[in-house]
Each structure stands twice: as C-alpha cells, then as structure tokens.
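Student: Could you walk me through one part of this model up close? I'd like the cut-offs spelled out as you go.

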Amino acid sequence: METKVRTARIVGRILDREFPDPGIPLVHRDAFTLLVSVVLSAQCTDERVNQITPVLFSRLGDDPESLSKASVEDIREIIRPCGLSPAKSKAIQGLSRIIVREHGGEVPRTFPELEALPGVGHKTASVVMSQAFGVPAIAVDTHIHRCARRWGLSEGSTVERTESDLKALFPRARWSLLHLQIIHFARKFCPARGHHPEECPICSELGRRGLPVFP
Ligand code: SF4
C-alpha cells in the first residue's frame, strides 16, 4: 500500500502539471444532453458523438419531453454512425419516457435512480453525477482501467476493482478531476498499443524513483 500511495502522489502531481484544467470531452448543455451523449459514447469516439448530438437535438429536440415522443426509428436513423444504434435508440427513448413519467422531466440525481434508466450503467451514472451534478465520482472507462494497471495503482482485474482502488488512493475531492485528467493523459500519452516511455512523463518519473511500472 505504501508503494501505491507514493505512486498515487507522483501521478497526481504530474497530472496536475500536465492537465491543470481538463475539459469535459462530450459537448452538452445540461444534465439531460450529457446523459444522452454518454449513452451514445459506448464503443464510439467522443468526436463522433459530438458530431451526431447537434443533429439529433436540433431535429428531434434536446429535452426529455421531446425525445420521449420521438420514434425509435427516427432516433436510430440519426445516431446510426455512433454504432449499436438499435439498442441506443431504444435506450434514449426509454430513458426520456421514464424521466418524464417518474422524475418530473428532470434527470434524477442519485446513483440508484440513474442506474435504473435503460442503457445507463454505473460508468454512465458516474459521469453524470460528477460532471452534471458535481458529486465526486470516478467513472472507470477503458483508458482509466489501463492506466491504473500500468501505474501499479490497481491489479485491475475488473473495472469495479479499479474504481475502488483509485478511490482508496485519492482524496474524494479530487475524484472527478482525476477522472478527466487520466482520460486526457491516456489519449495524449498512453494508448492501448504503441507507447513511448521515454517521452512519457509518468512512467519515466516512477522508474527514476524506483517505483514499479507495468507498461
Ligand atoms: S510509459 Fe507507457 S504505460 Fe507508462 S504512462 Fe507512459 S505511455 Fe502509459
């Protein structure tokens, strides 16, 4: 644990230096448009989602009421480039209907209520809770899972394990920032395949200090 705590401190310092103010990658205007964007981002790049959501929202509406009345077919046609469009279109219409019917048209603000919506798992709920409502959370996606394992912060057999390991190592107040910083870091330095340890600020520093890395 001692080693992981030292590693976490160094990782945190480097992330603060490299990404002091990381932006939210998915363009949105409120909790609902963020929720729809995160649902669309499953197995799709943020860039593509950001191209499709303006079309979806301008043609069919950008609020739960409007999308609850849109047909699944119309939604599917627009979101097709994001992939998994049959499931995602049903989820978008379904979650819009539940938000209108059971939550007065407002995106709910608790994990259980969010995770009860179709197409919304713990990762999606974590993004919405942290980025729309300011509740500290770490949404573990593939980038965070990979980086935590490579830095020796988690054995990382499951995303649940990675999430609890990271939460134990970093103060609650920085969870949401950490999530964004690691995503930005991974995209710039730490791809799944083909990385350059000599150009990478984190593993090179951990190595200099005699801390284990698993690249
Ligand atoms: S050396 Fe490789 S594994 Fe380590 S942080 Fe850099 S890019 Fe990632």
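Tutor: Let's start with E205, which touches I10 and I14, not counting residues up to four places away in sequence; contact here means heavy atoms within 4.5 Å. Keep in mind that this is a predicted model, where local features need pLDDT of at least 70, side-chain atom pairs count only at pLDDT 80 or more, and totals for chains, interfaces and linings use all residues. Residues are numbered from 1 along each chain as its sequence is written, and side-chain values use heavy atoms, with hydrogens and water left out.

E205 lies in helix α12, and C203 is found in that helix too, which covers residues 201-208 (helices are DSSP runs of H or I, at least four residues, numbered from the N terminus). E205 counts as buried because its relative accessibility is 18%, the cut-off for buried being under 20% relative accessible area with a 1.4 Å probe, protein chains only. C203, at 16%, therefore counts as buried as well.

Now for what C203 meets. Leaving aside neighbours within four places in sequence, C203 is in contact with W151 and V213.

How values were computed:
Helix = DSSP H or I, 4+ residues; strand = E, 2+ residues; numbered from the N terminus. Buried < 20%, exposed > 50% of the residue type's maximum accessible area, 1.4 Å probe, protein only.
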